[in-house]
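Here is a short report on a ligand site and the nonpolar packing of the protein. Sequence and structure come first.

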Amino acid sequence: MAYRVTLIPGDGTGPELMDATKRVLEATGINFEWDIQDAGMDIMQKYGTPLPDAVLDSIRKNKVAIKGPITTPIGTGFRSVNVAIRQALGLYACLRPCKYYPGVRTRYMNVNLVVVRENTEDLYAGVEFDLGSVEANQIIAMAKSKIRSDSAISIKPISITGTKQIVKFAFDYAVVNKRKKVTAVCKANIMKFTDGLFYKIAREIAKEYEGKIAYEEVLVDNMCMQLVQKPELYDVLVLPNLYGDIISDLCAGLVGGLGVAPGANIGTDTAVFEAIHGSAPKYTGMNKVNPIALILSGMLMLRYLGEKDAGDKLENAVARVIAEGKSVTYDMKPDRNDPTAVGTSQVADAIISKLG
Ligand code: NAD
C-alpha cells in the first residue's frame with residue numbers, strides 16, 4: 001500500500017530541501033504517492049495568492065502533508081502562509097522534539113525533550129486593538145486606570161477547550177512514545193485567570209494519567225533557567241502558544257540549532273510536518289543548506305503514519321551521518337567555511353547509503 005501524502009516544496013531553499021527529503025523517505029522502503037502542491041512566493045504571479053485553495057483541499061483529503069519552508073510575503077492579505085495553513089486546518093498542536101545527536105556541535109550532550117506548544121490561541125489569536133482605536137479606548141475605560149491611556153492592546157484568550165486539547169495531546173504523546181513526565185509551563189502566579197486556568201485544566205487531565213505519566217508544573221521564567229542549567233531533567237513540556245514559541249526555539253538551540261530541528265503541526269485527524277527553519281532565501285539554488293531538519297520531520301511523519309520501524313531506521317541513518325561528520329553541510333562543521341562541507345543533496349545521498 002502507498003501512503004498518499006501532500007508534498008509542498010515551498011519556496012527559497014524549500015524545493016531543494018524537499019527533493020533531498022523525498023529521496024530519503026522513498027529509500028526507507030515505504031511507498032508514497034506524492035500529491036505535489038505549490039505554495040509560496042514563486043506562485044504568487046500565477047495564482048494571485050501564495051496559498052491556492054487546492055493546497056488546503058489536498059491536505060484535507062490526504063490528512064498528511066510534508067512541507068518545505070515558505071517565505072512570508074510582504075503586502076498581501078496573509079500574515080504568513082504557514083500560520084494560515086495551521087489555522088485553516090485546525091492544527092492545534094505544534095510538536096517539536098529536541099534531541100541531541102552525538103557529533104552535533106552544542107554545549108549540551110544530554111537533551112532529549114519534546115516541546116508541545118498550543119497553536120491556536122493565547123496572545124497569538126490575533127485579537128489586537130491599535131493605539132487610539134474605539135475598542136482600545138473601551139477596554140482602557142473598563143480597566144479603570146490599570147491601563148495607560150496611550151496603549152495598544154493585545155488580548156490573551158486561554159480556553160478550557162484549547163487547554164484540554166493540548167494537554168491531552170501531550171499526555172497521549174507521552175504514553176505512545178514511552179515518555180515518563182509531562183511538565184506544564186506558564187506564569188500562573190501573575191496571570192491568575194488565563195494561565196491559572198491552564199494549570200487547573202492541566203491538573204485535571206494529569207489525574208487521568210496518574211500512575212502512568214508523572215506531572216509537574218514549572219513557571220516559565222524558572223523553566224528558562226532550568227533548561228539552560230539542567231535540560232536533562234525534562235521530558236515532555238506543554239505550554240500555551242507564546243511561551244511555547246519562545247521555549248521551543250530555546251530548546252532547538254540546546255541541541256544544535258535550526259539545521260537539525262524538526263517539527264510537526266497536528267490536529268484531530270490531520271498533520272503537517274515541517275522543519276522549524278525558514279526558507280533561507282539567500283542560499284536558494286546553491287545546494288548548500290542542511291536538509292536534516294526536514295528529513296527528521298519526515299521521520300516524525302513516518303512514526304505518525306504508524307511506520308515505527310522505518311522511522312527508527314531513518315533516525316539511525318541520520319544519527320550515523322551526523323556522528324561521522326563527513327557528509328554534512330557547512331553549518332555542522334566546526335568552521336562555517338570548511339571546504340569539506342558537502343551540499344544538500346550529498347547529505348541525502350549519505351543518509352540513503354546508510355539506509356542500505
Ligand atoms: P531562516 O530560518 O530562513 O534563516 C535564518 C538563517 O539560518 C539563514 O540565513 C541561514 O544562515 C540559517 N539557516 C536556516 N535554515 C538553514 C538550514 N536548513 N541549513 C543551514 N542553515 C540554515 O529565517 P529568516 O531568514 O528569518 O526567514 C526567511 C523567510 O522564511 C521569512 O520570510 C520567514 O517568514 C520564513 N519562515 C518560514 C517558516 C516556515 O515555512 N515554517 C519558518 C520560519 C521562517
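This is a predicted model: local features need pLDDT of at least 70, side-chain atom pairs count only at pLDDT 80 or more; totals for chains, interfaces and linings use all residues.

The ligand is surrounded by 21 residues, and the closest are I70, T72, G278, A280 and N290. Residues are numbered from 1 along each chain as its sequence is written, and side-chain values use heavy atoms, with hydrogens and water left out.

The shell around the ligand comprises 9 nonpolar, 7 polar and 5 charged residues. Gly counts as polar in this division.

| Residue | Protein atom | Ligand atom | Distance |
|---|---|---|---|
| E274 | polar side-chain atom | nitrogen | 3.0 Å |
| S279 | polar backbone atom | oxygen | 3.1 Å |
| N290 | backbone N or O atom | nitrogen | 2.9 Å |

On its own, the ligand has 810 Å² of accessible area, and the protein covers 70% of it. The areas come from the Shrake-Rupley method with a 1.4 Å probe.

Now the packing. The largest nonpolar core has 93 residues. Such a core joins buried residues (under 20% relative accessible area) through side-chain atoms within 4.5 Å. F32, I66, M301 and L314 have the most contacts inside this core. Helix 10, residues 292–304, gives the most to this core: 9 residues.

What does M301 contact, leaving aside its neighbours within four places in sequence? M301 is in contact (heavy atoms within 4.5 Å) with V5, L25, F32, W34, V64, A65, I66 and F273. Another core lies apart, with 14 residues, including A39, I70, I85 and V272.

How values were computed:
A residue is near a molecule or strand if one of its heavy atoms lies within 4 Å of it. A polar contact is a pair of N or O atoms within 3.5 Å; within protein, one must be able to donate a hydrogen and the other to accept it, and residues adjacent in sequence count only if both atoms are side-chain atoms. Buried means under 20% relative accessible area, exposed over 50%, partly exposed in between (1.4 Å probe, protein chains only). Helices (H or I, at least four residues) and strands (E, at least two) are DSSP runs, numbered from the N terminus.
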